[in-house]
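Please look at the sequence and the model below with the side chains displayed.

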Amino acid sequence: MKLYMLRHGDAEIRSLTGKDFDRRLSENGRRQANIVKTKLQLITENEPFTVYCSTAKRAEETYFIASLALKVKSLEFSDKLYLALLEGLIEFFRNIEPVTQSVLLVGHNEGISQFASYLLDEELVFPTAGLLEVSFPIIDEWKYIGRGTGAEVNRFFNSY
């Protein structure tokens, strides 16, 4: 079991509608997402993915750019992932049944940093377009995730 966590790329300050949900990637955010795409090409070795992505525009755009490097078997956009905090992400992941061993989560801060910190039992703060690969050597089902059950494999927290 592997979990790749990706925070969306840098977003515009304001959307045309004025709603946070509708904010799109900035030019810098699109550049960041393309860098993530290159990183994913290097580390995923064409493995099949189940993807869970927030429905916010900036998360969707980040996914669509980064996904060009992935072999996606299953994709779910979920409103539950929009600005989800630790408790919501734990509940979400304890109730999934992905069709692949590798899962990509595309989400937001603070929740994604909280979730990664919980799984690794160390304090992490995701920058925009931060990518973290986590394996789970002591569990074999998502319903068993808990504090410290993850092990870091790769971290790309460059400030692009």
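Ring pairs link Tyr52, Phe92, Phe93, Phe115, Phe136 and Trp142 into a cluster, where rings of Phe, Tyr and Trp (its six-membered ring) pair if their centres lie within 6.5 Å, and where planes under 30 degrees apart count as stacked, over 60 as edge-to-face and the rest as tilted. The model is a predicted one, in which local features need pLDDT of at least 70 and side-chain atom pairs count only at pLDDT 80 or more, while totals for chains, interfaces and linings use all residues. Residues are numbered from 1 along each chain as its sequence is written, and side-chain values use heavy atoms, with hydrogens and water left out.

The structure holds 12 aromatic pairs. In one of them, the rings of Phe64 and Phe77 have centres 5.8 Å apart and planes at 40 degrees, so this pair is tilted; it links distant parts of the chain, with Phe64 in helix α2 and Phe77 in strand β3 (residues 71-78), 13 residues apart. Helices (H or I, at least four residues) and strands (E, at least two) are DSSP runs, numbered from the N terminus. Phe64 is partly exposed at 46% relative accessibility, and Phe77 is partly exposed at 29%, where buried means under 20% relative accessible area, exposed over 50% and partly exposed in between (1.4 Å probe, protein chains only). The rings of Phe93 and Trp142 are also tilted, because their centres lie 5.6 Å apart with the planes at 55 degrees. Phe93 lies in helix α3 and Trp142 in the loop between β5 and β6 (151-156), so this pair ties together parts that are 49 residues apart in sequence. Both Phe93 and Trp142 are buried.

Leaving aside neighbours within four places in sequence, Leu105 is in contact (heavy atoms within 4.5 Å) with residues including Leu3, Met5, Leu89, Phe93 and Phe115.

Turning to charge, the structure holds nine salt bridges, each a side-chain nitrogen of Lys or Arg within 4 Å of a carboxyl oxygen of Asp or Glu. The side chains of Glu47 and Lys2 meet in one of them (3.9 Å, N to O); Glu47 lies in the loop between α1 (27-43) and β2 (48-54) and Lys2 in strand β1, so the pair ties together parts that are 45 residues apart in sequence. Lys2 also meets Glu133 in a salt bridge (3.5 Å, N to O), a pair that links strand β5, where Glu133 lies, with strand β1, where Lys2 lies, 131 residues apart. Glu133 is buried at 3% relative accessibility and Glu47 is buried at 14%, whereas Lys2, at 27%, counts as partly exposed.
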